[in-house]
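Subject: Structure handover

Hello,

Here is the structure for you to look through. My notes follow below it.

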Amino acid sequence: MTGPRRVGKTFLLNNVWQPEEYFLFTASRTSPGLNRRQLVRDLARWSAEDLRPEDYPTWRAVFDLLLFRDGRAPRIVVLDEFQYLADGAQGLAEVASELNAVWERPRSGRNLLLVLTGSEVSAMEGLAEGGGPLYGRVDWHAKLRPFDYWYAQELAPYSDLRDRARLYGVFGGIPRYLAAVDAKRPLVSEIVRLHLDPHGEVRQLLETALDQEEGLREVPSYRAVVRAVAGGATTQNEIAQRTGLGNDTALREKLTRLRSLGYLEEVSNYGRAKNAARRYAVADPAHRFHQRFVEPNTSMLEMFEPEQVWREVIEPRLDTYMGHAFERIVAQAYARLTRARGLPLVKEWSRWEGPLRGGGSAEVDVVAPLADGARFLTGSVKWGAGQRPVRDYFDHRQALERIAQSGQAWAYAALEARSPMLFVAAGGFAAGFEEAAREDGREVFLWTLEDVYQV
């Protein structure tokens, strides 16, 4: 089982079985030798037996003890943060090979469940892929992901729907961050208390997150990359310019590593050419908020009250920030509501932005090819508090027409009456919007916040 740090892997595994059924060892960022000796000590404590670390000087001896011991034996063994049992990818592969060698031996009819977990997602998945030491040995693989917008608001259930969306935009879906929120207090006070205050619980967790990742060199450079992406630098070239780092293989490797750790994600620009630049976004909204508003204002937050910094610096910019977060919420809502509302199935959820022939550029918030292979769902998403005017519908059609004239075949298909459209407005729609949108006979979905948060 893999998943980013603080997503709840250890909490989940500690609450699945009865204490007497399982033995769980969580490796720490120390040396492999220290982890090996601590594992033996923890097993001795769990089994109430006299087990001495010096009697088990290798990982093969330790694994043999775990899987073939004669004394009190757990039915379930969990090795948490498995990647810390070794130094680097090569060392981890060697430890996994030792585990596999012991696992392959007959166990005299004893049923045993062995669970390996880790937050270094790519390293853990590499162990079970083709050529990996555990290839063909894994019966079940799950990637534990952060909560989506719906489950986030269940953990901190604010009554106001805009507050529910802001909650996700600021705290994201990592359970550890959401658990700190007291929904009995106003959301703004919780943002100030947990994110902005120099001693805020969530702020401290975010500030130290990259420092705790195993094997990262030049942590300030990684932090600068995440901040640049949070500030709107989406391509490798833009990130290099924003950070002052070289636009080279070293930067590409940093981006790949940040993706594997769950800090960054690749953003799909529909129909992107194979040689077009990759676009990146901060994967976790809490990290995005932190890098966008907290890190750049660290000195100000030390000098002035966090409430004042919120009112004068952050709050005026929050609605602009929430535009991106609300697009993410809508994508999740579409997947959640597809069956209940009979929505058309989409092959992928994407967006499009780029230059146009004759000058200028255009953006389309929603570009999703449908499962039938012939139609496209397109649309736009607005977070603003005001009602969406009727002209927004015609602006969307005009954007599609200009994109089609610029050579994008999908835009021609999206303009056909058989292709549906989706418009989302957190502030609702002006009178006449629905009538205008249905003039050409196409299927149109109009959503407000009430639709997004519908049970």
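**Salt bridges**

Glu-98 and Arg-60 form a salt bridge, with their closest N and O atoms 3.3 Å apart. A salt bridge here is a side-chain nitrogen of Lys or Arg within 4 Å of a carboxyl oxygen of Asp or Glu. The pair links distant parts of the chain, 38 residues apart: Glu-98 sits in helix H4 (residues 88–103) and Arg-60 in helix H3 (residues 59–68). Helices (H or I, at least four residues) and strands (E, at least two) are DSSP runs, numbered from the N terminus.

Before you go on, note how this was made. This is a predicted model: local features need pLDDT of at least 70, side-chain atom pairs count only at pLDDT 80 or more, and totals for chains, interfaces and linings use all residues. Residues are numbered from 1 along each chain as its sequence is written, and side-chain values use heavy atoms, with hydrogens and water left out.

Back to the first pair. Glu-98 is partly exposed, at 25% relative accessible area. Arg-60 is partly exposed too, at 40%. The cut-offs are these: buried is under 20% relative accessible area, exposed is over 50%, and partly exposed is in between (1.4 Å probe, protein chains only).

Arg-185 and Glu-190 form another salt bridge, at 3.3 Å from N to O. Arg-185 is partly exposed, at 35%. Glu-190 is buried, at 0%.

Next come Asp-440 and Arg-442. Their closest N and O atoms are 3.1 Å apart, again a salt bridge. Asp-440 is partly exposed, at 27%, while Arg-442 is buried, at 4%. Elsewhere, salt bridges that share partners join Glu-327, Arg-351, Glu-353, Glu-363 and Asp-365 into one network. The structure holds 30 salt bridges.

**Helix H11**

Now look at helix H11 (residues 219–230).

Why is H11 called largely enclosed by the rest of the structure? Nine of its 12 residues are buried, so the rest of the structure largely encloses it. Among the buried residues are Val-219, Tyr-222, Arg-223 and Ala-230.

What do the buried residues of H11 pack against? Their partners are helices H10 (201–207), H12 (236–243), H13 (249–260) and H14 (285–294), plus strands E4 (264–267) and E5 (279–282). Contact means heavy atoms within 4.5 Å.

After H11 comes Gly-232, with a positive phi near 115°.

Best wishes

Definitions and conventions:
The expected span of a helix is 1.5 Å times one less than its number of residues.
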